[in-house]
Structures are given as structure tokens and as C-alpha cells.
Amino acid sequence: MVAPPTISGSRILLRKLREIMEAGGSAQERLDRLVAMVASTMVADVCSIYLQRGHFHELFATQGLKPTAVHATRLKQGEGLVGLVAESARPLNLADAPLHERFSYRPETGEDPYHSFLGVPIVRSERTFGVLVVQNRVQRIYGEDEVEALQTIAMVLAEMVASGAFGDLSGLSEVEVRPSRPELLPGRAFSDGIAIGTVVLHEPHAPLGRVIADDPVREEHRLDAALEKVRSAIQHMLDGDAGRISGVSREVLETFLMMASDPSWEVKLRDGVRAGLSADAAVERLRGEHRAKLAAARDPYMRDHMHDLEDLDNRVLRALAGVDGAASAAMPPDAILVARDLGPAELLDYGAERLRAVALEEGAHMGHAAIVARALGIPMVGSLESLLSRVEAGDRIILDGERGEVRLRPEPAVEHAYKQRIDLRSARAAEYARLRDRPAVTKDGVRITLLLNAGLALDVHHLDDAGAEGIGLFRTEFQFMVSETFPRLTSQTLLYRDVLETAGERPVTFRTLDLGSDKMLPYAKSEREENPALGWRAVRVGLDRPSILRYQLRALVAAAADRRLRVMFPLVSTASEFLAARKLVDQEIAWAVRHGRAPPASVEIGCMVEAPSLAWSIPSLRGHADFLSVGTNDLMQYFFAADRGNARVSDRYDILSAPALRFLSRIREDAEDAGLQLSICGEAAGRPLEAIALTALGFRRLSMPAAGVGPVKRMLLSLDLGEAAGAIAGMLEHDAPSIRAELTEFANRNAIAL
């Protein structure tokens, strides 16, 4: 039995690897010396490097197999044990490799005598581009230290190749260590706009060229300082204002601190440094392990745990880089942020002034980062499969938020074409700006009120720029979601007062907390639900936990002292739920008067029509509600029984279908009969084609994102609403799954600006 490499042995491996790099020679000569060194140090009979070339894994260097097999042995993707390692991106450790079902015998290699097999992937930025293998004649399972040592060599090898330490790799054509070719990645448009810029990665990486430690003692001191910085930051939050931290959030922070102080986590980091890695590389190696476990985990608790560990890894990497957070790092002026996913708080940390656009591998169109991006006017594209494995920091990138795609490393002609599209968009934006002070009146004299959807105080400043007449929906939950602790009464009051003061005489409709489903507080425990969109959320939470809702209502009443107050409740399903929620408003107004505080000058209470059950209960709200607002995003989700967050079905059904439009028409008629002011809010209201249909059905108040006001106003100024109403009525005589094509043809025929 051979002795496995110890920490000192791993350090010897890394020192010898550096000597190989410094010795010079061609890329092939360095690879040959590397496999010889690894075989000797690990007491292995064979060491081989396979690199991906096109659709094959080609033997590029070997010590122990026949030299004539180099560049002659080529395995198809997924073929053999090498293909299995590359496919799974995980180590494979076998005592008798020829017995494995995936073993592929290649006589030209002369590997007949070898039984034991250890293969590890050569990975960089989540992209596997090769496999490093050791083999022995004796049947044995390699020890954990040996596996870690080979993984360390593979990681350093990947970084050195990427940094050019092997010199010119042009002789190794088709081996794409770093992506270099132009690529088009399709995704989904989350926020409109087009941007050209430079890739900035949200998740930090160990700096190229700083992988092997020059001074292990110094690197361990750097690691100590970074760990202490991370722990102190978490402890500082715990030691802050006790009134700002609820019991739940304190428990979450304490758990996080416990994980940051976990000796096993720290020992793995120290072992990496003592083995010869830089502190940065040691953290990145451990993060790779956590990602591999996350990819394999199916248990929700384990996935959450792995996510938390990866978050800690990222915090330590940022501390090592000398920055306090992601947004503190220096960025180019044309930065386009690339991330797996992003929270609203993280996006706000960067700020609109520092980002041209955001590209996400995951994300959701109705996720809160996407909504914040739309509010900030930052173009965003998400659902970009394998994005992180296809891009490098510093790459040129074009993000197309109209078509929902990104172009990586575009050719000059493509970039020029997109610059022309950006110029055309700028010209159109200038046209919208000229219309902002004009009222939205159709050609036949029908006045339409255009309102904004908002969720941040800065959204309200778009009122003048967009030419909107008020805020039709202010989502109050964003303040809670971007805060690390439950917002205090004073901070809530200040936000609502600032919104009202900025809006001036224009109306603002505050929607109470819509939490649950895809909107979870980072500092609150949440139980996993089978179908959260239909679960314990929105007004249901407020009625079951009235202290939370009353706390918010108290802040709204205080902010609206001597002013007009408009409040609406989300996801009300029955008239009785609305009456119970309204009673809480009355109680808070009475509380303010009882304590000698000025109440609002006027109060209007309404609710969202999102549940089909409430849509059929509108007559019961006569005399109790003051207004209604149709939330098309959720209402259509429930109407079609299609999860809007599920890419397989979210685009399957169209709001411009005959059944959906007839349903909306019925809601409008019932609200009119009940004497209730009615508006419609959601993404559909901000799209010109959908706005034709909605106004033709009789909706006269549309609330939309700021970017939708200009295009919809431009359309309305060119629209004869009487003609449109007649045309829509004819289209609804048949149960068409969509009238989109027919309506588009009508608009083009009548020169309606879309």
C-alpha cells in the first residue's frame, strides 16, 4: 500500500508544479513534465491528462501509458470513465476500473495491467474542459487526502492554463479553456432595454495568477483576518438595535454566525492553505465542493444549508479581496452584471448608476430583482442556461432586453448593428418625452388615466418623467424584503410620508404587505408549502397575524396625517376578508385620534381583484369598498391554472384570449354596477396592444411600469376607441385562444402606434 499525500505532500506537489511552469518550454513539454511529476509524487503507475477538443476528450499527456497514444486516443463525450468524470463534474475513485459498466477499453494505450483508477474533473468557472487521471496496478481505493491532492492539482492546472502560464496554447487547437468564440444565449426578457458592455461577475473568483501561495504563513494570516471580518460583520448585526431584530431574524443570524464559526468549515480552508494554495484559492476550492453537493442535493433543508455555505464562501472571498460587499468592488463604466441569481437588496447595493444591465442564469420574470430592475430602468435578461460556464469577467457582452437574449463576445459587425438599435430606442424615448405633458385622450375624445406601478421611493420620481397622473400601485413589501431586519414603525412611516410628499396632489394607492409565495422575508422563518402561490400569503397572513398588518397600517395612517390615504389589500378572496381587513384600518384611525394624532384628511379603502372568487363577489362589496384594482398577473395565473413562474406554462396562455377578455369585461361591468372606481394594473396594462383591448372593454384607469406610460400614451393618441370597441366585440364572438394576431392586424390597418 502506498502512502497517500499529506498536507506537506500536497505542498510539494504545488511547489513542483510551479517549478514546471517556471522552467519554460512548449505547452506540450510542460504537460509532459506535469504528468511525470504527479505520477512520481503520488506514487502512481500512470498519470494522464485528457482535454476536451471539439466533441471528444483527447489524451494530451501521459506518464505510464504508451506515448504513441497521446493525441491518438480520443473518447467521445460521455464515453468511458473519463467521460463519466467530465459528465458528472465529480471525482471517480475505483479499485478495479475494468469491472465498471462505463469502462471503455482502448488497446492502443496499453492500460491492460492497471486496475485502480482516480479521475478528477479539470474545471474552471463551472466549465469542465478536461480530466486528470492517476492509475495503479494494485487494486485499491485512493484515500481522501489523495483525492483532495489531485483535485488541488486539477484546480491549479485550470487556473494556470486560463492565465496563460502554459504559454501559447494555439498549438492545442479546439481546446477551449476560456470561452473565446461569439455565442448567442436565449433567455427571457425580465426588464426592457438594450445594453453593450463588459462582464462583471457577481460571485467573486480567486484572482488569476494568485493560486499557489508564495508564503503559506502569510496566506494563513490573510485567511484569519478575512474570517474574523466576516464573523464580526454578522456579530455587529446581532449587537445592533435589539428593537430592530425580531426573534425570528435573530435566530437566523445566530445560525449564520454558528455556521461561520464551524470548526470543520474552517479546518478545510486551513488545510487548503497549508497544502500550498493561496487563501483565495482555498476558499474557491471549498466553494466548488459546496456547489457540487448543492447540485446533487434533493432535500430542501440540505439545499438551503449548501446555499448558506456558498454565501459564506463568497463573503470570505470578498473579505480577502478587501471589499465590504459585492457593490464595493471597482467596476468598469460599462459594467453588465452576470450572476446565477440576485436578490433585490443586492441589486440596490449596486445601483442604477453603476450598472448598464444584468444577466441572470436563473431568476424569474416576476421575481423581485426583476421588478426592482424595471423600477430602476436597468435592462435584465434571465433564464440563461449555462451562462456562468460560458462567460468570463471582462468579456464583451450585448444584452437584449427586448428579445430576451445575450450575445457573448460579439463580432464588431454585430455590435455595430446593436448600437444602431440603441440609437433608434433613444429617438423613440425622446418622442415619449415630448408627449409626457399631454393628457391621454383618444382620437374620439375618451380620457384615459395612466398611473404608475411602484415599489421604491425612487419610483415616485418617475411620475414627472413618465407623464403619469399618480401611483396606482405602491408595493410596500419591498422595504421589508431589502431590509436585513423587520422595518421599525418610524422607518415605515418615513418611507410612506416621503412617497406622499413627492407625489404631491397626485393620488398614491398603497398596497399592504403581499408576502408569501415567491416573496419571502430574509429574516423570517417560512414553512415549505406544496403550492405557495395558493397558500398562506398576502392578506391571509395579515388577518392571521393582525399585529403585523396593524403595525403597517399605523405607519400609513401616521404618514397620511391631514392627507389623502388610499389603501388596498392584496389577494382578497371573499367579501368577509375585505370587511375584516377594513375593520383594522378603522381601528388604527381610532387609535391615532385617541392619542391626539392627526388622522388622514380622507380615507379610501379598496382591494385587488386577483382571486376569481372575489371577481364573482363584487356586488357584495357595494357600500363597503371605495375602489377595486384588477391584478392581471395573479388573476390570469389563477384563471388559466398556470403558474406564472413555471417557464413551461407561463407563456402557454394569452390574456388576449376570448375567455379571458370576456371575464375581464364582466368584472368591469360588475364594478360599474356597484359604483366602485376600477383600475387595472399589471404588466399587460403597460403594453400597447393589450391596452387597446383593455380600454376597448371599458377600463379607463391603467396602472403600469414607468417604461409603459410613453408607449401606451402614444398608442392612445392614435386610437379611435369606438372603432376599437366594435372590433374587439366582433373578435370575442368566437372562443379564440388568442386574438393577438387579429388585433395586431386591426392596429396596423388603422395606423395605431404600437
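**A note on charged side chains**

1. Lys419 and Glu415 both sit in helix α12, four residues apart, about one turn of the helix (helices, H or I, of at least four residues and strands, E, of at least two are DSSP runs, numbered from the N terminus). Their side chains meet in a salt bridge at 3.9 Å, N to O, the term standing for a side-chain nitrogen of Lys or Arg within 4 Å of a carboxyl oxygen of Asp or Glu. Lys419 is partly exposed at 44% relative accessible area, while Glu415 is buried at 13% (buried is under 20%, exposed over 50%, partly exposed in between; 1.4 Å probe, protein chains only).

2. A word on the source: this is a predicted model, where local features need pLDDT of at least 70 and side-chain atom pairs count only at pLDDT 80 or more, while totals for chains, interfaces and linings use all residues. Residues are numbered from 1 along each chain as its sequence is written, and side-chain values use heavy atoms, leaving out hydrogens and water.

3. How many salt bridges does the rule give? The count comes to 47. One of them joins Glu183 and Arg409, with the closest N and O atoms 3.0 Å apart. Glu183 lies in strand β7 (residues 183–186) and Arg409 in the loop between β14 (405–408) and α12 (412–435), so this pair ties together parts 226 residues apart in sequence. Arg409 is buried, at 11% relative accessibility.

4. Arg511 and Asp514 form another salt bridge, their closest N and O atoms being 3.8 Å apart. Both residues are buried. Elsewhere, salt bridges with shared partners link Asp192, Asp400, Glu402, Arg403, Arg421 and Arg425 into one network.
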